[in-house]
Amino acid sequence: MTTQTPVHLSPAWQALQQMAQAHLPTLRELLADTSRSTSLHVNACGIHMDYTHQRVNEQVLNALQALAKERQVELQLHAMFHAQTINSTEQRSVLHVALRGSELSNPPWGQAVSLQVKTQLDKVCDFAEKMRAGTCLGFSNLAITDVVNIGIGGSDLGPRMATQALRTAGQSPVGVHFVSNVDAWSLQQTLQDLNPATSAFVVQSKTFTTQETLTLAASAKRWLTDGGCPNDLLARHLMAVTAKAPLALAQGFDAAHVFELWDWVGGRYSIWSAIGLPLVIAIGAKAFKEMLQGAADMDAHVQSAAPTNNMPLLMALLGIWNRNGLGAESLHIAPYPSCLGMLVPYLQQMDMESNGKSTYKDGSAVKLETSPVVWGGLGIDGQHAYFQMIHQGTHLVPTDFIGVTTETTPLPLAAEHHRVVILNMQAQAQALALGRTEQETEVLLLEQGLSPQEAKQLAPHRSYAGNKPSTTLWLEAITPRSLGALMALYEHKVFYQAAIWDIHAYDQWGVELGKTLAKQMEKPA
């Protein structure tokens, strides 16, 4: 890649800034164009993206595509898939994409990496199936019935989110629990209903030095021994996932229970690796491989789609327009399927830990805004809480709505539940875009029987500015494959935004500072 003009000085960036400062049609005006209902849609990997409610016109979209081309995003994508050292501050490749592509006959990252991945994937899946079959026995020769995952950050958020999302993929014969908070009550509340003789722990730490994780692991071992487990049989109840296998072995973990990952797997992108072990135990190897395939589908799409139909690129460009053009400081994510209750925390880490940076790749200070604050939660719940601020507050808050088109719950009235959920989601997107003027509100209040004076008094309080952009992502259902595609969609969106902003997405030195200071503070004076 050739040396480029700093992004904030580049012609395409300057052109977009001029568009943002000029008069831009409102969403009311834009949505009056019925052609948007057919043109601003894209399909990929079982996901339908509707961005008709984004505040963009053809001129803005063309300028955004020109920016992507100018910043050579496809060359940067090629560099990642071909194992180049794009994480230059740590001198590492970034190959989470290889974790779901080990079956490719000619992988761009090379056969050696694929062999490593396949070896560990087979080990994880074989072990998980033995656990699910009841052949993993505890110290009293009873089958393990419960597994507690101990990890924090990417070692917790991804597996926890997907385990919750895919509980309907099949009844798990093993209970899977998650503890990330080192606060003692967090572990206590999980353990109080478990039996030491039939419980096991997955200790997840890339470095095997993470203070919070090792503190929890020490308590788990003590709970096992207090519950009757002899020291020489502790290994039956302990599994380790780490890039530092020798440290795990030195702490007494059995080699058969140590699962490896590599330094080219970032924590927030690691669910596809052995970090996914508790998920595989929960949903089974077949479903986990389907999730990998869904992500691989999105990997293939992102490499082959034309820029105007590249779903992750479009999401990235719309996000940049909202952040840097319209001045939105945050991104609200509103999934409506209740099984996606942990999706927002997972995406928060993915986005803000990746793109929460203030230096360009060359080390100079950025001259533009990077990662927005990512927040939100289940849409139906949010409508009765913080949606008020989005509708009538002083912040401009774009929204990603996520919904499903089919309902498979066996509840007798499930179809009616689904109708109400979808109706609410679509109404919120429309309300955010169109709002309601004071004049419209006055007319409505008069129709409701209020006097002209009362209507005029109340109208400002019951009017809505609208003009709040949103994108809606539709999945047919939440399945392992569709969830994998959705997760990879957001991964690649984050990548593209970093590529355009010219920042490093795959280091996290801000996280490391707190860890370093904590270690220094506990040293004796």
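This is a predicted model: local features need pLDDT of at least 70, side-chain atom pairs count only at pLDDT 80 or more; totals for chains, interfaces and linings use all residues.

Visitor: In what sense do strand E3 and E4 pair, and over how many bridges?

Guide: Strand E3 (residues 146–150) pairs with E4 in the parallel sense over 5 bridges. Two strands pair if DSSP finds at least two bridges between them, and helices (H or I, at least four residues) and strands (E, at least two) are DSSP runs numbered from the N terminus. Residues are numbered from 1 along each chain as its sequence is written, and side-chain values use heavy atoms, with hydrogens and water left out.

Visitor: What makes E4 and E7 the edge strands?

Guide: Strand E4 (175–179) and strand E7 (258–260) each pair on one side only. The open sheet has 5 strands in the order E4-E3-E5-E6-E7, with parallel pairing. From one strand to the next, the twist averages 20 degrees.

Visitor: Why is H4 called roughly perpendicular to H13?

Guide: Helix H4 (residues 58–70) and helix H13 (residues 311–325) pack at an angle of about 110 degrees, their axes being 10 Å apart. Angles of 65 to 115 degrees count as roughly perpendicular, under 35 as roughly parallel, over 145 as roughly antiparallel and the rest as oblique, so H4 is roughly perpendicular to H13. The axes are lines fitted to C-alpha atoms, for helices over the stretch in contact, and angles run from 0 to 180 degrees between N-to-C directions.

Visitor: Which residue classes make up the contact of H4 with H13?

Guide: There are 11 nonpolar residues, 1 polar and no charged ones. Ala, Val, Leu, Ile, Met, Phe, Trp, Tyr, Cys and Pro count as nonpolar, Asp, Glu, Lys and Arg as charged, and the others, Gly among them, as polar.

Visitor: How do you know that Glu491 forms a salt bridge with Arg100?

Guide: The rule asks for a side-chain nitrogen of Lys or Arg within 4 Å of a carboxyl oxygen of Asp or Glu. In this pair the closest N and O atoms are 2.8 Å apart. Glu491 in helix H20 (residues 480–501) and Arg100 in the loop between helix H5 (73–81) and helix H6 (111–133) are 391 residues apart. Arg100, Asp299 and Glu491 are linked in a network of salt bridges, and by this rule the count comes to 15 salt bridges.

Visitor: Why are Asp351 and Lys493 called buried?

Guide: Buried means under 20% relative accessible area, exposed over 50% and partly exposed in between (1.4 Å probe, protein chains only). Asp351 has 4%, so Asp351 is buried, and Lys493, also at 4%, counts as buried. They form a salt bridge with the closest N and O atoms 3.2 Å apart. By contrast, Arg222 and Asp226 are exposed, and their closest N and O atoms are 3.0 Å apart.

Visitor: What makes strand E10 largely enclosed by the rest of the structure?

Guide: In strand E10 (residues 399–404), 6 of the 6 residues are buried, so E10 is largely enclosed. Strand E8 (residues 330–335) pairs with E10 in the parallel sense over 4 bridges, and 6 bridges join E10 to strand E11 (residues 470–475), which runs parallel.
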